[in-house]
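Here is a quick tour of the model shown below.

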Amino acid sequence: QVQLVEVGGGLVQAGGSLRLSCAASGTIVSNNNMGWYRQAPGKQRELVARIESGGSTTYADSVKGRFTISRDNAKNTVYLRMDSLEPGDTGVYYCYLYGGGLYWGRGTRVTVSP
């Protein structure tokens with residue numbers, strides 16, 4: 001099994017920045033991808049960004065140019081740097097790992113005030 005623990009999140013004003021991190025532990029296959037989904041109130045969960053173990057990345061159009069995903073394979077940790085935050089970025093951010101199964105973190109709340 002794999003456990004994911006997210007750190008970061010909180011309340012920030014529009015235009016501000018936050019950094020999320022997610023550390024995975026347990027039995028982790030080397031070939032995996034990790035990333036972040038978010039769920040805004042009343043909306044479906046949506047992909048924000050993901051990164052393969054080799055480093056290739058994918059971003060939602062809404063966050064391109066503002067968010068940066070990175071990972072440290074030695075630490076089994078993925079990071080999400082969020083700049084120029086907008087109220088529309090508000091939601092619960094969930095870390096996931098896909099490799100030998102699909103695993104989720106418990107989520108961390110991000111609130112962006114106008």
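## Ground rules

Two strands count as paired if DSSP finds at least two bridges between them. Strands themselves are DSSP runs (E, at least two residues), numbered from the N terminus.

This is a predicted model, where local features need pLDDT of at least 70, side-chain atom pairs count only at pLDDT 80 or more, and totals for chains, interfaces and linings use all residues. Residues are numbered from 1 along each chain as its sequence is written, and side-chain values use heavy atoms, with hydrogens and water left out.

## Strand 4 and its two neighbours

Start with strand 4, residues 33-39. On one side, six bridges tie it to strand 5 (residues 46-52), running antiparallel. Look for Trp36 here: its bridge partner in strand 5 is Ala49. The two strands make a hairpin with six residues between them, and Gly42 in that turn has a positive phi of about 75°.

Strand 4 also pairs with strand 9 (residues 91-98), again in the antiparallel sense, over seven bridges. Five of the seven residues of strand 4 are buried, so the strand is largely enclosed by the rest of the structure. Buried here means under 20% relative accessible area, exposed means over 50%, and partly exposed is in between (1.4 Å probe, protein chains only).

Now find the open sheet of four strands, with order 1-3-8-7 and antiparallel pairing. Strand 1 (2-7) and strand 7 (67-72) sit at the edges with a single partner strand each, so one side of each has no neighbour in the sheet.

Inside this sheet, strand 3 and strand 8 (residues 77-82) run antiparallel and are joined by six bridges. Ser21 has Tyr79 as its bridge partner in strand 8.

## The nonpolar core

A nonpolar core is a set of buried Ala, Val, Leu, Ile, Met, Phe, Trp, Tyr and Cys residues joined through side-chain atoms within 4.5 Å. The largest one has 26 residues, and Leu4, Trp36, Leu80, Met82 and Tyr93 touch the most other members. Strand 3 gives the most to this core, with four residues.

Met82 lies in strand 8 and counts as buried, at 0% relative accessibility. Leaving out residues up to four places away in sequence, Met82 is in contact (heavy atoms within 4.5 Å) with residues including Leu18, Leu20, Phe67, Tyr93 and Val110. On the same terms, the contacts of Leu80 include Trp36, Val48, Ala49, Ile69 and Tyr93.

## Out at the surface

Is Ser30 buried or exposed? Ser30 is exposed, with a relative accessible area of 67%. You will find Ser30 in the loop between strand 3 and strand 4. Its C-alpha atom is separated by 25 Å from that of Thr108, 78 residues apart along the chain.
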